[in-house]
Amino acid sequence: MTRVAAVDCGTNSIRLLVADADPETGELVDLDRRMTIVRLGQGVDRTGRLAPEALERTFAACREYAAIIKEHGAERLRFVATSASRDAENRDEFVRGVLDILGVEPEVISGDQEAEFSFTGATRELTGRADLAKPYLVVDIGGGSTEFVVGEAHVRAARSVNIGCVRMTERHLVVDGAVTDPPTDAQVAAVRADIEAALDLAEETVPLREARTLVGLAGSVTTVSAIAQNLPEYDTAAIHHSRVSYDKVREITEWLLRSTHAERAAVPSMHPGRVDVIAAGALVLLSIMERIGAEEVVVSEHDILDGIGWSLA
């Protein structure tokens, strides 16, 4: 067994997985899996730059993760950075900071590479399940971008488009520096228009409607599942491979769009860092389900982070 550490740094959160990997089978045994909301993508859509305070939040999480990686004695480490750090003019500052703290240079991967990792991480455990028809459509709804991947055992087509819960919130749901509480019909319509345009782009290269099983990844999707199950707290075991019907996703999305900050914050399974961006993320999921006619979404807690880990096995 090889002890590996994988870090996925996205627009909204940074996550760590330390696991023992079997180099022959690629099986991972989790030792530590955690997530920190750092909002690295704060303001990137507007300014084109990573904000100093966002960088410091991210570097603080990196210092915490460095101690955990050292404690577990990981032999291999891979740090992958996604949407926000691809878009930023000052990404070199980010790269230098991570290198100083963790001793590895972050790989600022393309959207297509991100999609490949997400697909591998999400579908590896689904192989052989007769109740889940192929091809799969894996959708990874992040903070700045959403990845669409169609495939069976391997990726057939993939596309990354710039819709995500943070980007859509900052672009359309913020007025005078504050998230509208709740958003107006016009604001929701503007988010919808961006999502539909992005889905048109995705469909140019990915046959979305050929999918027979929709697999949803990342915090917006897992939070919708937690709300659907009325969980008293966030429960990874209950969420992983849960199924949420289209009707339930629509009901939850409509509630989120008309709720106040306080009402969303009172949901026991809601991470504080998702309170202001969850409505936009849920709307992305709902729009995808409507576009492809999905009756349900299969929710996976295993995603790009597991794909990165398996790449080290």
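**Confidence, sheet and helices**

Biologist: Where in the chain is confidence lowest, and where is it highest?
Modeller: This is a predicted model. Helix α3 (residues 83–87) has the lowest confidence in the chain, with a mean of 72, and strand β12 (residues 243–245) has the highest, at 98.

Biologist: What is the mean pLDDT of the chain?
Modeller: The mean is 91, and 99% of the residues reach 70 or more.

Biologist: On to the sheet. In what order do the 5 strands come?
Modeller: The order is β3-β2-β1-β4-β5, in an open sheet with mixed pairing.

Biologist: Which strands stand at the edges?
Modeller: Those are β3 (28–37) and β5 (107–108). Each has a single partner strand, so one side of each lacks a neighbour in the sheet.

Biologist: And β1 with β4, parallel or antiparallel?
Modeller: Parallel: strand β1 (residues 2–9) and strand β4 (residues 76–81) are joined by 6 bridges. Within that pair, A5 is opposite L77 in β4.

Biologist: Which helix touches β1 and β4?
Modeller: Helix α4 (residues 91–102) packs on the sheet and touches both strands. The direction of α4 makes about 160° with that of β4. Helix α13 (residues 304–311) also packs on the sheet, touching β1, β2 (13–21), β3 and β4. The direction of α13 makes about 140° with that of β1.

Biologist: Which ones?
Modeller: The buried residues of α6 are C165, V166, R167, M168, T169 and H172.

Terms used:
Residues are numbered from 1 along each chain as its sequence is written. This is a predicted model: local features need pLDDT of at least 70, side-chain atom pairs count only at pLDDT 80 or more; totals for chains, interfaces and linings use all residues. Side-chain values use heavy atoms; hydrogens and water are left out. Two strands pair if DSSP finds at least two bridges between them. Helices (H or I, at least four residues) and strands (E, at least two) are DSSP runs, numbered from the N terminus. Contact means heavy atoms within 4.5 Å. Axes are lines fitted to C-alpha atoms, for helices over the stretch in contact, and angles run from 0 to 180 degrees between N-to-C directions. Buried means under 20% relative accessible area, exposed over 50%, partly exposed in between (1.4 Å probe, protein chains only). pLDDT is the predictor's confidence in each residue, from 0 to 100.
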